[in-house]
Amino acid sequence: MLGHVSLGVSNLDRATLFFDAVLAALGYVRLWTGEGGLGYGSPGGGEELNIFERRGASPPGEGFHLAFVAPDRAAVERFHAAALAHGGTDCGVPGLRPHYGKNYYAAFVLDPDGHKLEAVHQ
């Protein structure tokens, strides 16, 4: 359905360190780096997430979050740990979320700019 998602960040260097770490924990890689931005996706694939430095950038409003598919529960845990180690804020430790589904295992964080992110394995 979606070709890609783009996020605006206030500090590209800080965002690069954060997203390199949290997305690597899930098996994703940086596919391109350009002036003012970068793109991530699956190895050998096209970009699915683009990050651009924008003056005055702020996260979307209440109710929005971006969920990344994790290959297993251990990847969800690595994502959460990497986020906290690189300036993220905990919004839900790794664990089962039975109200979303019997096997829904997820973690939630805010990136340094306040975007709510999730890693989920089902």
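Where does Asp 20 have its place? Asp 20 sits in helix α1, residues 12-24; here are some friendly notes on that residue and the rest of the model.

1. **Ground rules.** This is a predicted model, in which local features need pLDDT of at least 70 and side-chain atom pairs count only at pLDDT 80 or more, while totals for chains, interfaces and linings use all residues. Numbering starts from 1 along each chain as its sequence is written, and side-chain values use heavy atoms, with hydrogens and water left out.

2. **Elements.** The protein chain has 2 helices and 8 strands; these are DSSP runs, helices being H or I with at least four residues and strands E with at least two, numbered from the N terminus. Read from the N terminus on, their order is β-α-β-β-β-β-α-β-β-β. The radius of gyration is 14 Å, close to the 14 Å of the globule rule for 122 residues, so the protein chain is as compact as a globular protein of that length. That radius is taken over C-alpha atoms, and the rule is 2.2 Å times the number of residues to the power 0.38. Along the principal axes, the C-alpha atoms fill a box of roughly 45 × 30 × 30 Å.

3. **Surface and contacts.** Of the 122 residues in the protein chain, 39% are buried (buried means under 20% relative accessible area, exposed over 50%, partly exposed in between, with a 1.4 Å probe and protein chains only). The accessible surface comes to about 6,500 Å², with 53% belonging to carbon and sulfur atoms; areas come from the Shrake-Rupley method with a 1.4 Å probe, and for residues only the protein chains shown count as cover. Among contacts with a separation of 6 or more, 51% come from residues 24 or more positions apart (contact means heavy atoms within 4.5 Å).

4. **Asp 20.** With 26% relative accessibility, Asp 20 counts as partly exposed. Setting aside neighbours within four places in sequence, Asp 20 is in contact with Ala 15, Arg 30 and Tyr 40. Asp 20 and Glu 118 are 98 residues apart along the chain, and their C-alpha atoms are separated by 15 Å.

5. **Strand β1.** Strand β1 runs parallel to β4 (residues 49-53), joined by 5 bridges; two strands pair if DSSP finds at least two bridges between them. Opposite Gly 8 stands Phe 52 in β4.

6. **Strand β8 and its partners.** Strands β5 (residues 66-69) and β8 (residues 116-121) run parallel and are joined by 4 bridges, while β7 (residues 105-110) pairs with β8 in the antiparallel sense over 6 bridges. Val 120 in β8 is the bridge partner of Val 69 and also of Ala 106. The hairpin of β7 and β8 has 5 residues between the strands, and in this hairpin Gly 114 takes a positive phi near 95°.

7. **Ala 119.** Is Ala 119 buried or exposed? This residue of strand β8 has 0% relative accessibility and so counts as buried. Not counting residues up to four places away in sequence, Ala 119 touches Leu 26, Phe 68, Val 76, Phe 79, Tyr 105, Ala 106 and Ala 107. Ala 75 lies 44 residues from Ala 119 in sequence and 8.2 Å away in space, C-alpha to C-alpha.
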